[in-house]
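This report covers the pocket, a surface patch and the salt bridges of one model. The sequence and structure come first.

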Amino acid sequence: MLYYVIRAAVRAGIIDAEREMGKIKMPVTKDDKLQEQREALQEERVRAIVADEQRKQAAKAAKEQGK
């Protein structure tokens, strides 16, 4: 049973890798577009959080140097 689970995971990984390299052309579905939008929004949120933390660290460092 474990053999089949591993085999399926490896096969899916190979298909994903080939799709990323452009060897396999898959039609873009509505679900694919929604997933891309979700990933873009998540990335935007992460960047906003990182930028906010960097501003906080810079303000803290400036405050400490001002003492």
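Helices (H or I, at least four residues) and strands (E, at least two) are DSSP runs, numbered from the N terminus. The model is predicted, so local features need pLDDT of at least 70 and side-chain atom pairs count only at pLDDT 80 or more, while totals for chains, interfaces and linings use all residues. Residues are numbered from 1 along each chain as its sequence is written, and side-chain values use heavy atoms, with hydrogens and water left out.

**Pocket**

A pocket is an open set of points on a 1 Å grid over the protein atoms alone, where a 1.4 Å probe fits, with protein on both sides within 12 Å along at least five of seven lines; lining residues have an atom within 4 Å of a point. The largest pocket has a volume of about 290 Å³, a volume being the space filled by probe spheres set on the points. Its lining has 10 residues, and Arg-19, Glu-20, Val-28, Asp-32 and Glu-36 lie nearest the centre. Helix H1 (2-21) and helix H2 (30-66) each supply at least two lining residues; H2 gives the most, with 4 residues. By class the lining has 3 nonpolar, 1 polar and 6 charged residues.

**Surface patch**

Met-1, Leu-2, Val-5, Ile-6, Val-10 and Ile-14 make a nonpolar surface patch of about 650 Å². Patches are made of residues with over 30% relative accessible area and no salt bridge, nonpolar side chains being joined within 5 Å. Met-1 sits in the segment before H1 and is exposed, at a relative accessible area of 81%. Exposed means over 50%, buried under 20%, and partly exposed in between (1.4 Å probe, protein chains only).

**Salt bridges**

A salt bridge requires a side-chain nitrogen of Lys or Arg within 4 Å of a carboxyl oxygen of Asp or Glu. The count comes to 5 salt bridges, including those tabulated here.

| Pair | Closest N to O |
|---|---|
| Arg-19 and Asp-16 | 3.8 Å |
| Lys-56 and Glu-53 | 3.9 Å |

In helix H1, Arg-19 and Asp-16 are 3 residues apart, about one turn of the helix. Arg-19 is partly exposed at 37%, and Asp-16 is partly exposed at 40%.

In helix H2, Asp-52 and Lys-56 are 4 residues apart, so about one helical turn separates them. Lys-56 and Glu-53, also in H2, are 3 residues apart. Lys-56 is partly exposed at 46% relative accessibility, as is Glu-53 at 39%. A network of salt bridges links Asp-52, Glu-53, Arg-55 and Lys-56.

Technical notes. Ala, Val, Leu, Ile, Met, Phe, Trp, Tyr, Cys and Pro count as nonpolar, Asp, Glu, Lys and Arg as charged, and the others, Gly among them, as polar. Patches are made of residues with over 30% relative accessible area and no salt bridge: like charges are joined within 9 Å, nonpolar side chains (Val, Leu, Ile, Met, Phe, Trp, Tyr) within 5 Å. Accessible areas come from the Shrake-Rupley method with a 1.4 Å probe; for residues, only the protein chains shown count as cover.
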